[in-house]
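Please open the model in your viewer and keep the sequence panel beside it. The stops below are meant to be followed in order, with one selection at a time.

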Amino acid sequence: MNLTTVSTKLQKCSRFLSVNKRSIARFSSKSEEPIVPRNPLQDVYSASQQKANGVVYDKKPFKLRLEAGRNYSWCLCGQSKNQPLCDGTHKNVFLKVTLKPIRFVVPETKEYWLCNCKQTSNRPFCDGTHKKPEVQELKR
């Protein structure tokens with residue numbers, strides 16, 4: 001094998017490697033992570049500004065198909081029997097619940113992950129807070 005042939009083969013190999021590096025980087029980049037939606041009504045209703053979090057209902061989110069333009073009420077107190085949505089349990093005077101539900105709408109009809117640990121900082125949508133050790137140690 002002469003020097004020209006070796007040089008040509010090396011060039012082909014380096015081109016192949018650089019093309020494959022780009023395609024691997026494209027599929028493994030952080031941009032492929034799902035986008036966490038925002039609640040467009042958070043500035044409209046004061047319940048979104050509540051400082052406290054409710055009791056942990058479950059330590060994993062709930063996937064639910066929601067319709068665009070429809071109003072929903074997400075249970076923040078953690079007492080609802082219709083989780084993750086509110087059923088009005090917080091109105092029971094004997095439970096002495098001070099937390100109000102979070103009202104929200106979604107921009108498009110699709111499946112959304114709603115928080116069930118009630119510790120999310122992006123109410124009502126799951127932001128992965130349930131994975132933290134301090135949340136996993138909380139009792140239901």
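The tour that follows goes from the core to the aromatic rings, the cysteines and some backbone details.

This is a predicted model, in which local features need pLDDT of at least 70 and side-chain atom pairs count only at pLDDT 80 or more, while totals for chains, interfaces and linings use all residues. Residues are numbered from 1 along each chain as its sequence is written, and side-chain values use heavy atoms, with hydrogens and water left out.

**The core**

Begin by selecting Leu66, Trp74, Phe104, Val106, Leu114 and Phe125, which have the most contacts inside the largest nonpolar core, a set of 20 residues. Such a core is a set of buried Ala, Val, Leu, Ile, Met, Phe, Trp, Tyr and Cys residues joined through side-chain atoms within 4.5 Å; buried means under 20% relative accessible area, exposed over 50% and partly exposed in between, with a 1.4 Å probe and protein chains only. Strand S2 (72–74), strand S3 (102–104) and strand S4 (110–114) are the elements that give two or more residues to this core. Helices (H or I, at least four residues) and strands (E, at least two) are DSSP runs numbered from the N terminus. In soluble globular proteins, nonpolar side chains tend to be buried together.

Next, centre on valine 106, in the loop between S3 and S4, which is buried with a relative accessible area of 3%. Not counting residues up to four places away in sequence, valine 106 is in contact (heavy atoms within 4.5 Å) with Leu66, Glu67, Ala68, Gly69, Tyr112 and Phe125. A distance drawn from the C-alpha atom of valine 106 to that of arginine 38 gives 8.3 Å, for residues 68 apart along the chain.

**The aromatic rings**

Which residues form one aromatic cluster? Select Tyr72, Phe104, Tyr112 and Phe125, which make up that cluster. The structure holds 3 aromatic pairs, where rings of Phe, Tyr and Trp (its six-membered ring) pair if their centres lie within 6.5 Å, with planes under 30 degrees apart counted as stacked, over 60 as edge-to-face and the rest as tilted. The rings of phenylalanine 104 and phenylalanine 125 have centres 5.7 Å apart and planes at 75°, so this pair is edge-to-face. It links distant parts of the chain, 21 residues apart, with phenylalanine 104 in strand S3 and phenylalanine 125 in the loop between S4 and helix H2 (133–136). Phenylalanine 104 is buried at 0% relative accessible area, and phenylalanine 125 is buried at 1%.

**The cysteines**

Colour the cysteine sulfurs: a disulfide is a pair of these atoms within 2.5 Å, and by this rule the count is 0. For cysteine 117, the nearest cysteine sulfur is that of cysteine 115, 3.6 Å away; for cysteine 126 it is also that of cysteine 115, 5.9 Å away.

**Backbone details**

Move to the loop between S4 and H2, where proline 124 lies; the peptide bond joining arginine 123 and proline 124 is cis, with omega about 5°. Lysine 118 lies in the loop between S4 and H2 and has a positive phi of about 65° although it is not a glycine; at 0% relative accessibility, lysine 118 counts as buried.

Finish in the loop between S2 and S3, the place of proline 84, where the bond from glutamine 83 to proline 84 is cis with omega near 5°. Lysine 96, in the loop between S2 and S3, has a positive phi near 55°, and at 71% relative accessibility lysine 96 counts as exposed.
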